[in-house]
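Colleague: I would like to go through this model with you and ask, step by step, what stands behind each word that we use for it.

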Number of protein chains: 2
Amino acid sequence: MTDPDFLRPRPANHQPLTPLSFLDRAAAVFPDRLAVIHGDQRFSYRDLMARSRRLASRLAGEGIGKGDVVAALLFNTPPMLEAHYGVPMTGAILNAINTRLDAAGVAFILDHGGAKLVIADAELMPLLEEALALATNRPKVICYADPTAPGGREDGYEPWLAGGDPDHAWSWPDDEWQSIALNYTSGTTGDPKGVLYHHRGAALLATGNIVHAAQGMHPVYLWTLPMFHCNGWCFPWAVSIVAGTHVCLRAVRPGPIFDAIADHGVTMLCGAPIVMSTILAASPEEKRDFPQRVTFWTAAAPPPETVLAAMAEAGFEVTHVYGLTEVYGPAVVNEWHDEWNALPAPERARLKSRQGVRYQALEALDVMDPETMTPVPADGETMGEVMFRGNVVMKGYHANPSATEKAFAGGWFHSGDLAVRHPDGYIQLKDRSKDIIISGGENISSIEVEEALYRHPAVALCAVVAKPDEKWGETPLAFVELRPGAQASEAEIVAFVREHLAHFKCPREVVFGELPKTSTGKIQKFELRKRVAG
Amino acid sequence: MTDPDFLRPRPANHQPLTPLSFLDRAAAVFPDRLAVIHGDQRFSYRDLMARSRRLASRLAGEGIGKGDVVAALLFNTPPMLEAHYGVPMTGAILNAINTRLDAAGVAFILDHGGAKLVIADAELMPLLEEALALATNRPKVICYADPTAPGGREDGYEPWLAGGDPDHAWSWPDDEWQSIALNYTSGTTGDPKGVLYHHRGAALLATGNIVHAAQGMHPVYLWTLPMFHCNGWCFPWAVSIVAGTHVCLRAVRPGPIFDAIADHGVTMLCGAPIVMSTILAASPEEKRDFPQRVTFWTAAAPPPETVLAAMAEAGFEVTHVYGLTEVYGPAVVNEWHDEWNALPAPERARLKSRQGVRYQALEALDVMDPETMTPVPADGETMGEVMFRGNVVMKGYHANPSATEKAFAGGWFHSGDLAVRHPDGYIQLKDRSKDIIISGGENISSIEVEEALYRHPAVALCAVVAKPDEKWGETPLAFVELRPGAQASEAEIVAFVREHLAHFKCPREVVFGELPKTSTGKIQKFELRKRVAG
């Protein structure tokens, strides 16, 4: 049965989904609510809206419009929040660049993304200048000198913004499929890929955050997760849904984190496990008491039992989420069951270490044989590739049709992550496809070996990679960073792992020392592989 | 800039929004959670999913598929919840019929909507049979004999359902614009209109409920609002998002309401003001103590100060929402500001009586001159028509192109409600277009007069309508229902109103007695007008 024409979508009953709607509403309903705290600065929702409109008017004045790219090389400061609204208000696409890339990496993105304008933090201007010397693109540059940072450069952002129109007539997207953001993957192999988000996905993921976080109205959100990482998992937009307060944080350091929690009543923060380590390693002088329970969302690696216990003791409730740049950040959540609270701590940690189930905003999640595209049995043992399908899967890779087609083969997004599905439907990562170790024809999950290592009390961080071996093909090699003051020998570590795992899975060698990490706190296994190869 | 073809929507990254996704997820993640309580019956999410699939398989077996209509003439019982999932699982449209209509009203809907099958409560079978005698449509009838109701008829629902396939391969909608529900307006003038909802709007409104209710995971929702009313404002779908528990309730009576709250830990319920009156009028034997604060959402009329105070005292937090069948129920919410809690009770009640601001899921709300389509000034005085625009506005009126075009004229849905916009942007209803009283050329808002009447301690319910007058054209006439045991004379009431309103707005006559009400608790002004005319 086909609908008659008068039942077609039209302006009265069909509007593009967009996160711009969230700020529009918050500024109209709660204009006097505190939207942003940064050092001594305070911006209400009226201010944030006016500043975003000023930015949009300035960008429009530069000839920037629908489909153009505006880059941001910024820390978690107010201009980054404003860019999340002001840029799409012109129809343009926000390209938030990882601030820890080298000049060549930044140059690649500026050329590939084609940004017409870059807003950059003064501290990052030398990096940008070096990148521009390598790039062919010649974007206009606006330098933001953060008042909370040591001076040096003159601020070009505030005077420029001040000349913008606070009542600028911004426009909604023409279509919810219109691009809103361009986020480059870290590109551990080959060139980084430019992941495109659209307004529809950003609005739905942000709303999903609110459903899952269940913080109620007016949460206080601390910016420990970089906003260049999946647009801060879409929280710059999500917080407006509930007219919450953003607490900006230029750098992840324990003192300022505790100060923000105690002084501003922070209710939630997110980050990689390194943020939890930072919190737990705070000195007594840095630590502060606070009365509220704080929600902490962690991603990138399962939280070990000892960390979970220490975080609970310190006043934090940890939720484990999982995703990739291609799925707007957290598209999988370790949905907790109340009855699990009665279990012993190791069992709780085991359950918490699983990545979990689909986000409310994701339509389907499965673990499949990528050859046959059939789901693996939910036996907790059979490995397959994690596949995503739904409205919070990227639009595609910018200017990269072949990578896009490959990623979407068979009607699902192929994550490249290997996992099992447990009988209760929860998925658990076992490895990146490329991180699996094949020894004597047997697959060894490097994550499984790492989990065994993490149970050793002296192990702070670890990574297991394949070492070429004439007899076995590959064998597991462990890199271990010990806790400050802790000691353990190679023999002791190997013996410990053998108590927990089959012998063929156990590392034969252990290398001690600090581990290389990405800008988002992930351990850089490719660096370790280079060391093994070198 | 147009996107290249490889960035088009495809199955991996674009799936129809649908509330069916919510039950699918709840049943997968929380299969053992209690989904439905009805008398002695308990259904888990696994059960609710299996029962919905059985229903879908049975409907498919009857040849029912995409675009077909299935009617439900049911109280707030499990089959009604199952119909909200099982019917759209086949691609069909759920037509929940008001159980308090007369046979002619039901017959009109069965013929106009063209239901192929009707599921009817045994107690309503005589009504249905009378309706079918008047109708030309000959749908298949399934009779549901509720185990909590007095017997008489044989149950045809459970045996029929039992023969369905609990693993039936149900299908997602092909398109999110596909119709999911058909709800007839009450049709106080002319024939009722059949409002069509689509999957997209139902999913977004339901998610909006979760954002605004902010109940967290696993709320316990009591069914005091009829599910035939805007699909219970979409809560049959919303509750699945957070894997909550539905507590069914065949009839709105004070004892069972308090029992449910105390025995099942109800956290939320909704209803017209009549439900609040029912709660407050409970006898000491019917009342029960309960420890939790219960959220109550009321619509249809602003809650008077005395009712708000009494509800707070009784353990309920009242939220005022507003909408119409055409906007899926509550598309406007009296969003509360924390600082208002410090105000004196009358001021709080005044603020609470305003309908409020757009729902998170509605893209635009305005008060406009319907001739020029320009917004009225936000001065709290200039009246205009309430206009809606967004994704939770109906698809249109079934088989009624002219009414649809009229309703969507100028790119907005015309509500027919008259309101003002206050300086803070909150809207306040002043009247239905047709309820305005024009006396001596001056517009009198019947709602404003009623609000003055409600301040009188003896007034339980009231309604003001126009009485034809040779000199003035019309004058306001008040109908008043006094509180049990209370007394007041006509002269006393008129004098009281004159203390609060300009004289030309005050009723000259007061008629005492019980007021006629619709099935959803709204006062039937057209009945009162008939009395005035007769």
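Colleague: Where in chain B is Ala214(B) found?

Modeller: Ala214(B) lies in the loop between α7 (199-213) and β9 (220-222) of chain B, where helices (H or I, at least four residues) and strands (E, at least two) are DSSP runs, numbered from the N terminus. Before we go on, please keep in mind that this is a predicted model, in which local features need pLDDT of at least 70 and side-chain atom pairs count only at pLDDT 80 or more, while totals for chains, interfaces and linings use all residues. Residues are numbered from 1 along each chain as its sequence is written, and chains are lettered from A and ligands numbered from 1 in the order in which they are written.

Colleague: Why is Ala214(B) called partly exposed?

Modeller: A residue is buried if 20 or more other C-beta atoms, placed from the backbone, lie within 10 Å of its own, exposed if 12 or fewer, and partly exposed in between. Ala214(B) has 15 other C-beta atoms within 10 Å, and therefore it is called partly exposed. Its phi is near 50°, a positive value in a residue other than glycine.

Colleague: What makes Ala243(A) count as buried?

Modeller: Ala243(A) has 23 C-beta neighbours inside 10 Å, so it counts as buried. This residue sits in the loop between α9 (235-241) and β10 (245-247) of chain A, and it has a positive phi of about 45° although it is not a glycine.

Colleague: What makes strand β8 of chain B mostly covered?

Modeller: In β8 (residues 194-198) of chain B, 5 of its 5 residues are buried. Both faces are covered, with Gly194(B), Leu196(B) and His198(B) on one side and Val195(B) and Tyr197(B) on the other.

Colleague: How do you know that β8(B) pairs with β7 of chain B?

Modeller: Two strands pair if DSSP finds at least two bridges between them, and β7 (residues 179-184) of chain B is joined to β8(B) over 5 bridges in the antiparallel sense. One of the bridge partners is Leu196(B), which faces Leu182(B). The strand β19 (residues 396-397) of chain B also runs antiparallel to β8(B), with 2 bridges, and there Val195(B) stands opposite Tyr397(B).

Colleague: What makes β17 and β21 of chain B edge strands?

Modeller: They belong to an open sheet of 5 strands with the order β17-β16-β18-β20-β21 (chain B) and antiparallel pairing. The strands β17 (374-375) and β21 (427-432) each pair on one side only. Within this sheet, β16 (residues 364-369) and β18 (residues 384-389) of chain B are joined by 5 bridges, and Asp366(B) has Met387(B) as its bridge partner.

Colleague: Why is chain A called as compact as a globular protein of its length?

Modeller: Chain A holds 17 helices and 26 strands. Its radius of gyration is 23 Å, close to the 24 Å that the globule rule gives for 534 residues, so chain A is as compact as a globular protein of that length. The radius is taken over C-alpha atoms, and the rule is 2.2 Å times the number of residues to the power 0.38. Along its principal axes the C-alpha trace of chain A spans about 70 × 65 × 55 Å, and buried residues make up 54% of the 534 residues.
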